[in-house]
Amino acid sequence: MLAASLVLAGRGREALEQFRLLEPWVGAEPWTHHADPAAAFDRARALAVLRAGKRS
């Protein structure tokens, strides 16, 4: 939840730190609310990368 919240808040750098701790596990909220949790995780992480000003 923290990683997703940080992405929504535009705090990409902080979100990336959380994604690094989570990877590759996507079996929890908010990812499991999507039909394809792995794809939802990947999209959110990609957005965090963009907001952090880094290339994926």
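1. A residue is called buried here when its relative accessible area is under 20%, and exposed when that area is over 50%. The model is a predicted one, and phenylalanine 41 has a relative accessible area of 3%, so this residue counts as buried.

2. Helix α2 covers residues 12–22, and within it Gly12, Ala15, Leu16 and Phe19 are buried. Viewed down the axis of α2, these buried residues fall within an arc of 105°, so they line one face of the helix. On the face of α2 that is turned away from the buried side, one finds the exposed residues Arg13 and Leu21.

3. The partners of this buried face can also be named: the buried residues of α2 pack against α1, which spans 2–8, and against α3, which spans 37–52.

4. Turning to the aromatic residues, the count comes to three aromatic pairs. One of them joins phenylalanine 19 and phenylalanine 41 in an edge-to-face arrangement, with 5.1 Å from centre to centre and 85° between the planes. This pair links distant parts of the chain, since phenylalanine 19 lies in helix α2 and phenylalanine 41 in helix α3, 22 residues apart. Phenylalanine 19 has a relative accessible area of 0% and is therefore buried, and phenylalanine 41 is likewise buried, at 3%.

5. Tryptophan 31 and phenylalanine 41 form another edge-to-face pair, for which the centre-to-centre value is 5.3 Å and the angle between the planes is 75°. Tryptophan 31 is buried, its relative accessible area being 5%.

6. Taken together, the ring pairs link Phe19, Trp31 and Phe41 into a cluster.

7. As to charged side chains, a search of the whole structure finds one salt bridge. In this salt bridge the side chains of arginine 11 and glutamate 14 meet, at 3.6 Å from N to O. How exposed is arginine 11, in terms of relative accessible area? Arginine 11 is partly exposed, with a value of 42%, and glutamate 14 is also partly exposed, with a value of 31%.

Notes. Residues are numbered from 1 along each chain as its sequence is written. This is a predicted model: local features need pLDDT of at least 70, side-chain atom pairs count only at pLDDT 80 or more; totals for chains, interfaces and linings use all residues. Side-chain values use heavy atoms; hydrogens and water are left out. A salt bridge is a side-chain nitrogen of Lys or Arg within 4 Å of a carboxyl oxygen of Asp or Glu. Buried means under 20% relative accessible area, exposed over 50%, partly exposed in between (1.4 Å probe, protein chains only). Helices (H or I, at least four residues) and strands (E, at least two) are DSSP runs, numbered from the N terminus. The arc is that of the directions from the helix axis to the C-beta atoms. Contact means heavy atoms within 4.5 Å. Rings of Phe, Tyr and Trp (its six-membered ring) pair if their centres lie within 6.5 Å; planes under 30 degrees apart count as stacked, over 60 as edge-to-face and the rest as tilted.
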